[in-house]
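I opened this one to look at a helix and a sheet. My notes are below the picture.

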Amino acid sequence: MRVMIRVDSATMIGAGHIMRCLTLAERLRKTGAEVSFICRELPGHLASLAAAHGYDVHMLPFIKSPEASSVEGFVEALQRDKMQDLVYTQELLRQFNTIDWLVVDHYALDEEWEKGIRPYAERVFVIDDMANRHHDCDALLDQNFHADMDSRYDGLVPDPCIRLLGPRYLLLREEFRNPLFGRRARDGTIHRVLVFFGGSDPTNETIKTLDAIEMLNRQDIAYDVVVGQGNANKDQIEVRCANMPGVNYYYQVDYMAELMEKADFAIGAGGATTWERCYLGLPAMVIALAENQREGVEELAPYGAFMNLGWHGDISSAELGAHMDYVYNHPELVKEMGMKARRLVQTDGTAAIKDIEAVFYRK
């Protein structure tokens with residue numbers, strides 16, 4: 001079985017899409033599938049991550065650098081170029097005799113693009129979490145929690161489309177499947193904090209958090225600060241961490257599960273990392289960096305698995321520090337958050353990934 005994955009990454013849109021596609025690719029490769037990636041030349045792209053895992057990566061030609069100051073604006077700019085993107089993708093796929101499945105994980109691509117790709121792939125598998133556009137696909141995966149989960153894609157996908165909806169279909173990376181992880185009983189006392197705002201942190205929340213850490217000046221608390229390859233401020237962050245006692249700097253790690261397991265608390269963004277934290281029962285303070293994160297965070301916040309600090313532009317370093325000081329002094333609240341987080345994800349993903357694999361091998 002040949003599977004091609006059309007996914008992008010960039011400084012502005014981060015690494016979340018390509019990371020979850022890599023998780024899917026690893027599982028499919030273990031079943032004997034031949035998996036390749038199709039990525040576009042974008043500023044700060046992370047296609048090298050797929051290549052480093054041994055996948056063939058086909059790069060689409062650079063069209064133009066989207067002029068945008070926000071994630072939403074960046075995606076809108078990519079949407080305007082979607083038909084040129086389609087032409088390039090069609091030209092690439094003509095080189096291959098048979099594509100059994102084309103996986104599409106991309107906010108800028110929709111039904112029109114997918115219809116155009118139909119002659120080149122037997123079936124189309126979409127990964128989405130926005131439910132804001134129509135898709136022409138045979139299967140759709142949305143691993144996030146939504147109050148209207150079961151009806152969320154009504155009218156947006158064809159009736160025969162197989163829908164894999166909710167956290168039970170979480171694409172959990174292999175490193176999180178360590179049976180020793182997730183058993184730790186946290187008592188709410190905070191001695192170690194994990195700081196991670198995704199692969200690129202386009203709004204520079206990491207620096208904001210370091211400012212808050214300096215203001216608090218808590219010598220009894222250690223911090224593990226993680227940045228991804230797409231973080232444009234990584235050099236500045238590394239220098240800041242080196243000059244702050246008790247603050248450790250990590251770059252593009254492949255042992256995030258281990259760092260989460262060691263932490264008593266986390267400060268970070270919404271998105272896919274939310275579910276990894278919940279799986280390990282790690283209480284957290286969350287800041288939304290993009291509109292899709294804001295929606296997900298607001299829907300989950302009432303369940304008490306984390307403290308929602310809202311939109312990144314609405315919170316200063318001083319306000320962040322005040323929130324940090326509050327949770328550091330309320331261990332019972334922190335303990336309860338961790339327990340509620342773990343209850344949100346009651347699966348290790350094993351059964352779910354088998355269900356996903358079954359879709360790909362369905363006749």
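Ground rules: I have a predicted model, where local features need pLDDT of at least 70, side-chain atom pairs count only at pLDDT 80 or more, and totals for chains, interfaces and linings use all residues. Residues are numbered from 1 along each chain as its sequence is written, and side-chain values use heavy atoms, with hydrogens and water left out.

Helix 4. I took helices (H or I, at least four residues) and strands (E, at least two) as DSSP runs, numbered from the N terminus. I looked up the buried residues (under 20% relative accessible area, 1.4 Å probe, protein chains only). In helix 4 they are K82, D85, L86, T89, Q90, L92 and L93. They sit on the same side of helix 4, because their arc around the axis is only 160° (taken from the directions from the helix axis to the C-beta atoms). Among what covers them I found strand 1 (2-7), helix 3 (71-80) and helix 5 (111-117), with contact meaning heavy atoms within 4.5 Å.

I read the order of the six strands as 10-9-8-11-12-13, open and parallel; two strands pair if DSSP finds at least two bridges between them. Strand 10 (247-251) and strand 13 (306-311) each have a single partner strand, so one side of each lacks a neighbour in the sheet. Strand 9 (residues 222-227) pairs with strand 10 over five bridges, and V227 has Y251 as its bridge partner.

Packing. Helix 10 (residues 291-300) lies across strand 11, strand 12 and strand 13, at about 140° to strand 13. For that angle, axes are lines fitted to C-alpha atoms, for helices over the stretch in contact, and angles run from 0 to 180 degrees between N-to-C directions.

Terms used: Buried means under 20% relative accessible area, exposed over 50%, partly exposed in between (1.4 Å probe, protein chains only).
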